[in-house]
Each structure stands twice: as C-alpha cells, then as structure tokens.
Amino acid sequence: EYVFKYDKIPDMQPEDVLKIVDEKAEAMGEEMAKYQFKVLDETVKEAGNVVDAKGQKPSIDMFLDVLEKISITFDKDGKPNMPTLVIGHKQANDWKAVIEQSKTPEIDEKFNEIMKKKKEEYDAEQAGRKLVD
C-alpha cells in the first residue's frame, strides 16, 4: 500500500510516480516469490522429494540423487526434457563446477542408467493414461 500525500502531488513529475510504482512492484514481486517458494518447499517436503545436503558441499552423487527423486518427461524421440532446478546464484556456480569436474565414463554410465529408469517410468505412466473421447 502506498499513500500519496496531497501536498507533494503538485511537485511530482511523471518519473517520480514511475519510480514509486517500480519500487512497489519490485517489493510486491519479492513477497510473492517468497510465498511461492514457501508453498513449494512445503509441497516438496510433503511429497518426500527433498535431498538434504546436511551441510555437505555439492557432489555429483548428491546431484544424481536429485535426478532420482524428480519426474522427467521425454520428447517424441526419447530424449529427456531436463527440468529446471531453481537454486541460488552462488550454489548454481558450485553445482556447475561439480558437474563439469565429474565428467567421467563412470558418471556418464550412472547418469544413463538413471535416464533409462526415468524413461521406463515415463513410458509406463504414458501407457496408463486414459484418452478422453
């Protein structure tokens, strides 16, 4: 909520009004995002899809655990539609470094095994869908 004081209105320029509107819109957006992440956090915990790092630094095993817990869809050619993971900027850089440093044939094999399992789950889910006339 913002109240314009009558005595200040005559001296205001359009830029002043736009600045106030921008500031209030940004604050409202921040509050909305906080609320959405709070609800998302509660939902994820309720579903049991939380990977608790317990203060550990990011690792490739932790990343693979995350992939095991999430749902992954596939396109018509069988390629995974990798989901967007929402994390902080610093954490994103840490995770990117871990993933880049962990490119080995063994990790590729583990990743491919997870994707194979996810594809089987996806195919089973699609086969069980009921089409509506």
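Q: What makes the contact between Asp123 and Lys119 a salt bridge?
A: In this predicted model, the closest N and O atoms of Asp123 and Lys119 are 2.7 Å apart. A salt bridge requires a side-chain nitrogen of Lys or Arg within 4 Å of a carboxyl oxygen of Asp or Glu, and the pair is therefore counted as one. Both residues lie in helix α4, four residues apart, which is about one turn of the helix.

Q: Why are Asp123 and Lys119 called partly exposed?
A: The relative accessible area of Asp123 is 35%, and that of Lys119 is 24%. Buried means under 20% and exposed means over 50%, with partly exposed in between, so Asp123 is placed in the partly exposed class, and so is Lys119.

Q: How do you know that Glu68 and Lys117 form a salt bridge, and which parts does the pair tie together?
A: Their side chains meet at 3.2 Å, N to O, and because the limit is 4 Å, the contact qualifies as a salt bridge. Glu68 lies in helix α2 (residues 60-69) and Lys117 in helix α4 (residues 105-127), so the pair ties together parts that are 49 residues apart in sequence. Glu68, at 33% relative accessibility, counts as partly exposed, and Lys117, at 39%, likewise counts as partly exposed.

Q: Why is Lys34 called exposed, and what does its side chain meet?
A: Lys34 has a relative accessible area of 53%, and because exposed means over 50%, Lys34 falls in that class. The side chain of Lys34 meets that of Glu31 in a salt bridge, with 3.7 Å from N to O. Being three residues apart in helix α1, Glu31 and Lys34 are separated by about one helical turn. The structure holds seven salt bridges, including this one.

Q: How confident is the predictor, and which elements have the lowest and the highest mean pLDDT?
A: The mean pLDDT of the protein is 88, and 98% of its residues reach 70 or more.

Key:
Residues numbered from 1 in each chain as written. Predicted model: local features only at pLDDT ≥ 70, side-chain atom pairs only at ≥ 80, totals over all residues. Heavy atoms only, no water. Helix = DSSP H or I, 4+ residues; strand = E, 2+ residues; numbered from the N terminus. Buried < 20%, exposed > 50% of the residue type's maximum accessible area, 1.4 Å probe, protein only. pLDDT = per-residue confidence, 0-100.
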